[in-house]
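This report is for a reader meeting the structure for the first time. Please look over the sequence and the model before reading on.

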Amino acid sequence: MKFNETIEELLNAPEGEHYEFKEARNKFDIQETLKYCCALANCGGGKLVLGITDSRPRKIVGSAAFEQPERTRKGLIEKLHINVDFQLYEYLGKRVLVFEIAGRPAGMPVQADGRFWWRQGDSLVPMPAEELRKIFDETGHDFSNDICPGASVNDLDIEAIEVFRKKWMEKSGNTSSKNLTIYQLLNDIEAMIDDEITYAALVLFGKRSSLGRLLPQSEIIFEYRSSEASGPAQQREEFRMGFFSYYNRIWELINLRNDKQHYQDGLFIFDIPTFNERVVRESLLNAVSHRNYQLNGSIFIRQYRDRLVVENPGGLPAGVTLSNIRDRQSPRNRRIAQIFALCGLVERSGQGMNLIYELSVKEAKPLPDFGGTDDYFVCITLNGMILDKQMLLLINKIGNERLESLSTDDFLTINALFHEEKLSKNMHLRIKNLIDMGIIEKISRNKYVLARSLYTAAGKSGVHTRIVGLDRETNKELILKHIRKNGNEGTQLKELYQVLPGHSRTQLQILLRELRDEKKIKLNGKTHGAKWVLT
């Protein structure tokens, strides 16, 4: 299954759990959409195709559903906490809309309307209990879901619970939770199991004295250091209490020394903070969700003038490596992660790292650095200084509307092209979409460049000319070399397709015309059998 399938490939897609076809000629119910997308995610990801019949032979009937698919996509992400993309097709005047649904994170089933939906044949049903157990067992034991011996509700901070309750009501829009007792609320979010306190409840809502007694390693230490010099930090605060008691305080401390960086675009002057609030909060949430609470050691947040370092005990979770850290989701503490998702602190389940990468590119800052990560600690460095202000001008030229529809790999592709770096396999998969959006141009086979208008906006039009020009001269030299080898026998146009595969007839003719105008080659003959020879 791939993303940018052709209409023909969709019509012939194999039946199974990864495709759902709906005619949806005029509209399609959003609640049904949520359920189908939820089921697809729980089955490993797939596509919801609107505008094509399900029965074979499939037919294109066209769909008018969801006139603003980008708005629908965002709504699905908000409800499901999973990544969603979409593709629009126009075929003989008929519109086909395809939603691409990512697979659920390891160990975490996706739910909609309070149920974990599953596909059983052509029907949607709640996921069987046996399947749920299999999913929860995927990432091993969840320490945060264990009962904490000796803990009671008296060990929890009521104010921290009320902070969560307020955010939960804001996120869900359901004010009925306002009337829940503390016991009911904790049981509803499964921070209590059969009226017994879990370690998740202690980490998120625990009193300072209780954590010192029951889980002293659940601690975050903040330090501000003005230099690399050893010795005591200029400021240090220790937080051994429930997360909801202090998570705003950590951002306040960082923001105290959050310098502004200025750049100008025409008459407008913009300020970019060294530390992006969203990036900082996502990094903190990742640390709390993924650390190993069974190991001694604290989470450290060290702020320097130009960067933030977050150090987290426990190493990377099972199955996660530095090469797949954006694509593989495996929260070590699933119960904590689910409570974060309930109250909206986590917008897209398992997508926090993607957001960090996207925002780094948007602000023209270095990508996250995982230097120092090993089997016992995860270390992430967030460099806050703008690498190239001209990159900001380029991002501004793309515009908010187009930026909102980009995926993480789209951002990384733009970043790599701007810095003239090699494109990865995932980046190559996004090329067609970016070409269609007018963000990049193809200049030869497997060679791409950002659109000239973007370089011009960034004051780097000469870079575009250099990249395209160098490639053009290289291609012309290859043509000359081949014609030279053929000598007096000459070279037909069809041979040159082998020399420059991926070039169209028009592109080849332009190169040949330039060589002819430079009086390096000439054409003998006028028919299809005409041959190019050296002058």
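## Basis of the model

This is a predicted model, in which local features need pLDDT of at least 70 and side-chain atom pairs count only at pLDDT 80 or more, while totals for chains, interfaces and linings use all residues. Residues are numbered from 1 along each chain as its sequence is written, and side-chain values use heavy atoms, with hydrogens and water left out.

Helices (H or I, at least four residues) and strands (E, at least two) are DSSP runs, numbered from the N terminus. A residue is called buried under 20% relative accessible area, exposed over 50%, and partly exposed in between, with a 1.4 Å probe and protein chains only.

## Helix H15

Helix H15 covers residues 408-418, and eleven of its eleven residues are buried, so the helix is largely enclosed by the rest of the structure. Among these buried residues are Asp409, Asp410, Phe411, Leu412 and Phe418. Just after H15, Glu420 has a positive phi of about 55°.

## Helix H9

Helix H9 runs over residues 243-255, and its end C-alpha atoms are 19 Å apart. The 13 residues should span 18 Å at 1.5 Å a residue, which agrees; this expected span is 1.5 Å times one less than the number of residues.

The buried residues of H9 are Phe243, Phe244, Tyr246, Tyr247, Ile250, Trp251, Leu253 and Ile254. They cover an arc of only 170° around the axis, which puts them on the same side of H9. The arc is that of the directions from the helix axis to the C-beta atoms.

A salt bridge here is a side-chain nitrogen of Lys or Arg within 4 Å of a carboxyl oxygen of Asp or Glu. Glu252 and Arg249 are three residues apart in helix H9, and therefore separated by about one helical turn. An α-helix has 3.6 residues a turn, so residues three or four places apart point the same way. Glu252 is partly exposed at 43% relative accessibility, and Arg249 is partly exposed at 32%.

## Aromatic rings

A search of the whole structure gives 16 aromatic pairs. Rings of Phe, Tyr and Trp (its six-membered ring) pair if their centres lie within 6.5 Å; planes under 30 degrees apart count as stacked, over 60 as edge-to-face and the rest as tilted. Phe164 is buried, with a relative accessible area of 0%, and Phe244 is buried at 3%.

Phe244 also pairs with Phe205: their ring centres are 5.5 Å apart and the planes are at 20°, so this pair is stacked. Phe205 lies in helix H7 (residues 199-205), 39 residues from Phe244. Phe164, Phe205 and Phe244 belong to one aromatic cluster, which also includes Trp168, Phe239 and Phe340.

## Charged side chains

The structure holds 33 salt bridges. In one of them, Glu100 meets Lys47, with the closest N and O atoms 2.6 Å apart. Glu100 is in strand E4 (residues 94-101) and Lys47 in strand E2 (residues 46-50), so the pair ties together parts that are 53 residues apart in sequence. Lys47 is buried, with a relative accessible area of 1%.

Another salt bridge joins Glu311 and Arg302, whose closest N and O atoms are 4.0 Å apart. Glu311 is partly exposed at 24% relative accessibility. Glu311 and Arg302 belong to a network of salt bridges that also links Glu223, Arg225, Arg236 and Glu238.

Charges also sit over rings, a contact that needs NZ of Lys or CZ of Arg within 6 Å of the ring centre and within 35 degrees of the ring normal. Arg291 lies over the face of Tyr293, 4.8 Å from the ring centre. The charged end of Arg326 sits over the ring of Tyr357, at 5.6 Å from its centre.

## Cysteines

The structure has zero disulfides, a disulfide being a pair of cysteine sulfur atoms within 2.5 Å. For Cys37, the closest cysteine sulfur is that of Cys38, 8.9 Å away and too far for a bond. Cys37 is buried, with a relative accessible area of 0%, and Cys148 is buried at 3% relative accessibility.
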